[in-house]
Amino acid sequence: MDFHECEIGLPDGETAKWDLIHHSGGAAVVPIDEDGKIVLVRQYRLGVDKELLELPAGKSEPGEDRLAPTRREMEEEIGYVADDIRKLVTFAPAPAYSEEVTYIFVATGLKKTETRPDADEFLRVERCSIEDVVAMIRDGEIIDGKTIAGVMAYTNMHLSI
C-alpha cells in the first residue's frame with residue numbers, strides 16, 4: 001500500500017486535495033463444504049481491536065490474476081482446495097480514499113489439505129450454516145465488509161433466507 005495526496009479538479013472548476021491509498025486489491029472466497037456450511041476464519045483485527053469472523057481473503061500480488069489469491073488464501077487459512085471456483089461479486093471496501101477492489105468468489109467441491117498461515121496470522125477455522133452466518137450479520141456479530149458482501153451475494157443468488 002502507498003499513501004498519496006492527490007489534487008483533483010472539482011465540477012465547479014476549483015481544485016481540492018484528497019488523500020488516496022494505492023492498494024493492489026485482493027480476493028475473498030465463500031467456501032461451501034460438503035455439508036453446505038460456510039468455512040470461515042476468526043482472527044484479531046487491529047482496526048476494531050477485536051476478533052472478527054470472516055471469509056478467507058488476502059491481498060493480490062502485483063500482476064497476479066484474480067483467482068491466485070483466492071486459491072492461496074483458501075489453502076493457507078482454512079486448509080482446503082476447491083474443484084470449482086466462480087466469481088460472485090466485485091466489492092470496493094473504501095472507495096472514498098482507496099483504490100482497493102476485492103473480487104469475491106464462491107468455492108465448492110472442497111478437498112481438505114493443511115493450513116499454512118503466515119507467521120503473524122493466528123486463525124481459528126469455523127464452519128457455520130448459511131442461516132447462522134446471515135443471522136450473525138443481521139445481529140451485528142459479523143461486521144467485516146467483504147464477508148457481508150460475499151455472504152449476502154451468495155444467499156441472494158442461491159437461497160431464499
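Biologist: How many salt bridges does the count come to?

Modeller: The structure is a predicted model. Side chains of opposite charge can pair when their charged atoms come close. A pair is counted if a side-chain nitrogen of Lys or Arg is within 4 Å of a carboxyl oxygen of Asp or Glu. By this rule the count comes to 11 salt bridges.

Biologist: Which parts does the salt bridge of Asp35 and Arg127 tie together, and how many residues apart are they in sequence?

Modeller: The side chains of Asp35 and Arg127 meet at 2.8 Å, N to O. Asp35 lies in the loop between β3 (26-31) and β4, and Arg127 lies in strand β9, so the pair ties together parts whose separation in sequence is 92 residues.

Biologist: Is Asp35 buried or exposed?

Modeller: A residue counts as exposed when its relative accessible area is over 50%. Asp35 has a relative accessibility of 53%, and therefore it counts as exposed.

Biologist: What is the order of the strands in the open sheet?

Modeller: The sheet has three strands with antiparallel pairing. β5 (50-54) and β9 (124-128) each have a single partner strand, so they stand at the edges. Strand β4 (residues 38-45) pairs with β5 over five bridges. The order is β5-β4-β9.

Biologist: Which residue in β5 does Arg45 stand opposite?

Modeller: Strand β4 covers residues 38-45 and pairs with β5 in the antiparallel sense. Arg45 also belongs to a network of salt bridges with Glu54, Asp144 and Lys146. In β5, the residue opposite Arg45 is Lys50.

Biologist: At what angle to β4 does helix α1 run?

Modeller: Neighbouring strands of the sheet β5-β4-β9 are turned by 30° against each other on average, direction ignored. Helix α1 (residues 67-78) lies across β4 and β9, and its angle to β4 is about 75°.

Biologist: Which strands hold Lys111 and Asp83?

Modeller: The side chains of Lys111 and Asp83 meet in a salt bridge of 2.5 Å, N to O. The pair links distant parts of the chain, 28 residues apart. Lys111 is partly exposed at 41%, whereas Asp83 is exposed at 58%. Lys111 is in strand β8 (residues 102-112) and Asp83 is in strand β7 (residues 80-91).

Biologist: Over the ring of which residue does the charged end of Lys112 sit?

Modeller: A charge sits over a ring if, among other conditions, NZ of Lys is within 6 Å of the ring centre. The charged end of Lys112 is 4.8 Å from the centre of the ring, which belongs to Tyr80.

Methods
Residues numbered from 1 in each chain as written. Predicted model: local features only at pLDDT ≥ 70, side-chain atom pairs only at ≥ 80, totals over all residues. Heavy atoms only, no water. Pairing = 2+ DSSP bridges. Helix = DSSP H or I, 4+ residues; strand = E, 2+ residues; numbered from the N terminus. Axes fitted to C-alpha atoms, helices over the stretch in contact; angles between N-to-C directions. Contact = heavy atoms within 4.5 Å. Lys NZ or Arg CZ within 6 Å of the ring centre and 35° of its normal. Buried < 20%, exposed > 50% of the residue type's maximum accessible area, 1.4 Å probe, protein only.
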